[in-house]
Amino acid sequence: MPGIIETLRADDVTASWISYLDELGPPSFDVDLPEPNALPAVLRALDVPDEDFADLITMLPSAERDPDTWWLLTRATHSLVRHMGTVKGPPEFPKFPTAVSGTHRFFFVYVYLATLPYVQAYHRDRGIPAAIGRESLADLGRSMREYRLAHGAGGFNDAAWLMFHFRGLLYHLGRLQFERRRLGRRIAAAVAAAGLGGDTGDPALGIHIPALAGALAPEACDASFVDAAGFFARYFPDERYEIVVCDSWLLDPQLAEYLPATSNIIRFQRRFRAAVGPDPVDEWILRFVFGRADVDLDTVPQRTTLERAVASHLRAGRTWHGGLGWFVLPGRTPRASTDLQSS
Ligand SMILES: CC(C)(COP(=O)(O)OP(=O)(O)OC[C@H]1O[C@@H](n2cnc3c(N)ncnc32)[C@H](O)[C@@H]1OP(=O)(O)O)[C@@H](O)C(=O)NCCC(=O)NCCS
């Protein structure tokens with residue numbers, strides 16, 4: 001059987017990632033994984049489901065037993081650590097082709113375990129409270145829980161998503177998560193059209209809504225926005241955050257056809273000014289409502305208003321789009337675009 005590197009080189013998508021890792025070269029720092037007997041405590045701190053501990057211990061890679069996997073682990077970890085804290089990052093971690101054996105299903109979990117000491121050091125250097133750092137990184141375990149719920153078995157398919165957390169870009173503050181990012185062209189144009197100053201490339205906060213964390217109560221969101229304004233001013237004083245952006249299935253205006261105006265989702269939607277109506281992405285809403293995109297619409301659960309809405313909308317031949325929206329972080333007053341021109 002070909003080794004993992006050979007298999008990844010043979011696939012168009014992963015071949016370019018391997019070329020990047022080749023060019024990146026070896027790191028100048030140590031890449032280590034916890035010893036098997038130290039692993040459970042680390043996994044617990046990251047909120048990894050107990051049911052996955054045994055497999056994670058059994059499959060723990062080692063340089064001696066599997067040099068190919070170790071090479072990949074070392075280079076992937078290097079790509080993260082080299083871009084610690086910088087908004088511009090390395091190429092996204094790819095989804096492995098199906099030809100990669102199941103024993104590599106936790107490969108990227110190990111990459112995050114190897115990166116853990118470096119992101120913790122980054123948090124410490126910035127003075128970020130350990131509890132916020134821990135809760136932010138524990139999204140790794142949440143993602144594995146979501147996988148278990150959807151598939152009934154252990155696995156991990158959020159390798160690219162967790163790159164934000166483990167590069168020091170994303171912080172969990174109350175009900176919401178906030179990602180340090182830059183204003184894209186479309187949002188910058190919408191902000192400018194509203195008469196506010198904002199250029200492509202300006203700092204912005206991307207909002208994410210973690211699953212398995214209860215209802216999206218408006219009061220909890222209000223508190224998160226207040227926390228975010230204080231957190232980023234204190235721990236990232238060199239970056240001025242004024243605009244909050246969200247790109248989510250939750251912002252699809254069609255949801256208002258089905259959900260009452262008092263529902264949390266509609267009240268969340270109403271905070272945002274629309275930038276653009278994205279292309280159809282049904283997979284997105286299916287994943288967040290039914291746990292996975294490959295579902296049979298005739299047999300999916302129909303317990304909640306939203307489950308019924310998502311299925312009947314698609315059965316009627318319509319599509320879901322999501323939405324891309326923005327607003328000004330409460331308490332912040334961006335300069336009007338005319339002020340910018342005269343300054
Ligand atoms: C965002 C979230 C917390 C909103 O839940 P909420 O606060 O209950 O939302 P609402 O009050 O608007 O719910 C309205 C109805 O839809 C249902 N509903 C909401 N989200 C649902 C979901 N993900 N799956 C199934 N039903 C859902 C509610 O149960 C309620 O139905 P009911 O009136 O029949 O009881 C929830 O959808 C969730 O946990 N999503 C996963 C994370 C996510 O999607 N993040 C965004 C990624 S881009």
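**Figure 1. Handedness of the α5 and α6 crossing.** Helices α5 and α6 cross in a right-handed way. Right-handed means that the near helix is turned clockwise from the far one by less than a right angle. This is a predicted model; local features need pLDDT of at least 70, side-chain atom pairs count only at pLDDT 80 or more, and totals for chains, interfaces and linings use all residues. Residues are numbered from 1 along each chain as its sequence is written.

**Figure 2. Angle and distance between the two helices.** Two packed helices are described by the angle between their axes and the distance between the axes. Helix α5 covers residues 67-82, and helix α6 covers residues 107-126. Their axes come within 9 Å and cross at roughly 45°. Therefore α5 is oblique to α6. Oblique angles are those left over once under 35 degrees (roughly parallel), over 145 (roughly antiparallel) and 65 to 115 (roughly perpendicular) are taken out.

**Figure 3. Residues where α5 meets α6.** From α5 come L73, A76, T77, L80 and V81. They meet Y110, V111, A114, T115 and Y118 of α6. Contact means C-beta atoms, placed from the backbone, within 7 Å. By class, eight residues here are nonpolar, two are polar and none is charged.

**Figure 4. The chain around the helix pair.** The chain holds 15 helices and six strands. Helices are DSSP runs (H or I) of at least four residues, and strands (E) of at least two. Along its principal axes the C-alpha trace spans about 60 × 55 × 35 Å. Of the 343 residues, 31% are buried, with 20 or more other C-beta atoms within 10 Å of their own.

Note on methods:
Axes fitted to C-alpha atoms, helices over the stretch in contact; angles between N-to-C directions. Contact = placed C-beta atoms within 7 Å. Nonpolar A, V, L, I, M, F, W, Y, C, P; charged D, E, K, R; others polar. Buried ≥ 20, exposed ≤ 12 C-beta atoms within 10 Å, placed from the backbone.
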